[in-house]
Amino acid sequence: MTLEVLTPGLASTFQDLGRHGHQQWGVPVGGPMDEVSHRLANALLGNAPDAPVLEITLLGPTLYCHGRCHLALTGADLGASLNGQPWPPSQTRTLREGDQVSFGRRRSGARAYLAVAGGFRLEQVLGSRATNLRTGFGGWHGRRLQKGDLLPLMGSFANPPRLLIPDSLAHVIGAAPLRLLPGRDWTAFTDAAQAALRESLFTVTPQSDRMGYRLQGPALQLTAPLECLSEAVAFGTVQVPPDGQPIVLMAERQTTGGYPCIAQVAHVDLPRLAQYVPGDVLAFTFIDLVEAQRLDLARERLLAALERNVSVA
């Protein structure tokens with residue numbers, strides 16, 4: 001059983017939950033930009049949470065089915081269809097020989113996630129099947145999909161679990177302010193910079209990618225020049241280079257960074273951030289660590305229940 005790539009789309013790569021335990025050697029964690037949508041795709045099929053899923057960015061591929069398989073689609077609405085019939089996100093479909101999945105006009109969000117029951121048959125590299133484009137390993141030959149690729153499937157014909165995805169998990173794309181926590185260098189920035197981050201709007205620039213989102217807005221200035229040692233960074237760390245325009249580090253971030261860190265995006269809002277595209281406008285608000293932990297724990301409990309094939313709606 002395989003899925004044949006008739007057209008590759010813009011940037012389709014395989015991701016699991018990341019390559020952990022190797023950052024001391026400079027190997028990024030990687031993994032999905034929108035972890036919630038990734039895990040939901042697997043949950044809809046009864047897969048393990050870390051089974052590899054195809055992350056589809058903006059313009060999706062056209063896939064031809066050889067054999068029979070169950071697929072699940074989550075995340076952004078990129079105009080997916082099966083044999084010309086609309087396929088909305090957060091739903092599963094059964095494909096048979098000759099069926100085609102395609103994507104049309106993007107309606108909302110940036111990244112969709114396509115999972116197959118049983119998982120895709122991919123080799124592990126350093127304990128993960130996630131694609132690392134910069135180093136060219138993991139996923140499918142360390143690269144994006146290309147026309148003519150034949151993607152092997154592990155294959156499972158068990159009936160997918162009947163799950164109803166709660167709105168709090170399915171609707172990760174929205175205009176509500178992204179929640180921040182003060183970063184380790186928060187007090188090194190001027191009062192005006194702190195106020196700007198709270199009150200101003202920032203635009204995602206075209207220079208954004210899986211490594212980081214570069215934002216355009218008011219320049220965030222330090223109170224005095226600051227020489228930082230390179231320190232560990234995380235998904236959602238907000239760094240400020242000398243031009244004052246913030247960079248939010250994303251899934252394929254480097255392992256360390258030397259720019260001052262003004263803030264950290266709360267983990268619960270990283271999936272929403274991953275669905276923004278260049279030209280979208282962001283607003284921020286601040287919460288404390290206790291609230292950030294409470295929100296993340298509540299979401300994790302919902303995901304864990306779904307992954308146990310228990311409807312929580």
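Start with helix 2, residues 167–170: among the elements of the protein chain, this one has the lowest mean pLDDT, 70. (pLDDT is the predictor's confidence in each residue, from 0 to 100.) Now jump to strand 17, residues 247–249, where the mean pLDDT is the highest, 98. Across the protein chain the average is 91, and 96% of the residues score at least 70.

Keep in mind that this is a predicted model: local features need pLDDT of at least 70, side-chain atom pairs count only at pLDDT 80 or more, and totals for chains, interfaces and linings use all residues. Residues are numbered from 1 along each chain as its sequence is written, and side-chain values use heavy atoms, with hydrogens and water left out.

Next, switch to cartoon view: the protein chain has five helices and 21 strands. (Helices, H or I with at least four residues, and strands, E with at least two, are DSSP runs numbered from the N terminus.)

Now select helix 1 (residues 35–45) and helix 5 (residues 289–307). They pack at an angle of about 20°, with axes 9 Å apart. (Axes are lines fitted to C-alpha atoms, for helices over the stretch in contact, and angles run from 0 to 180 degrees between N-to-C directions.) Show side chains here: Val36, Arg39, Leu40 and Ala43 of helix 1 meet Arg299, Glu300, Leu303, Leu306 and Glu307 of helix 5, contact meaning heavy atoms within 4.5 Å.

Finally, zoom out: the C-alpha trace of the protein chain spans about 65 × 40 × 35 Å along its principal axes.
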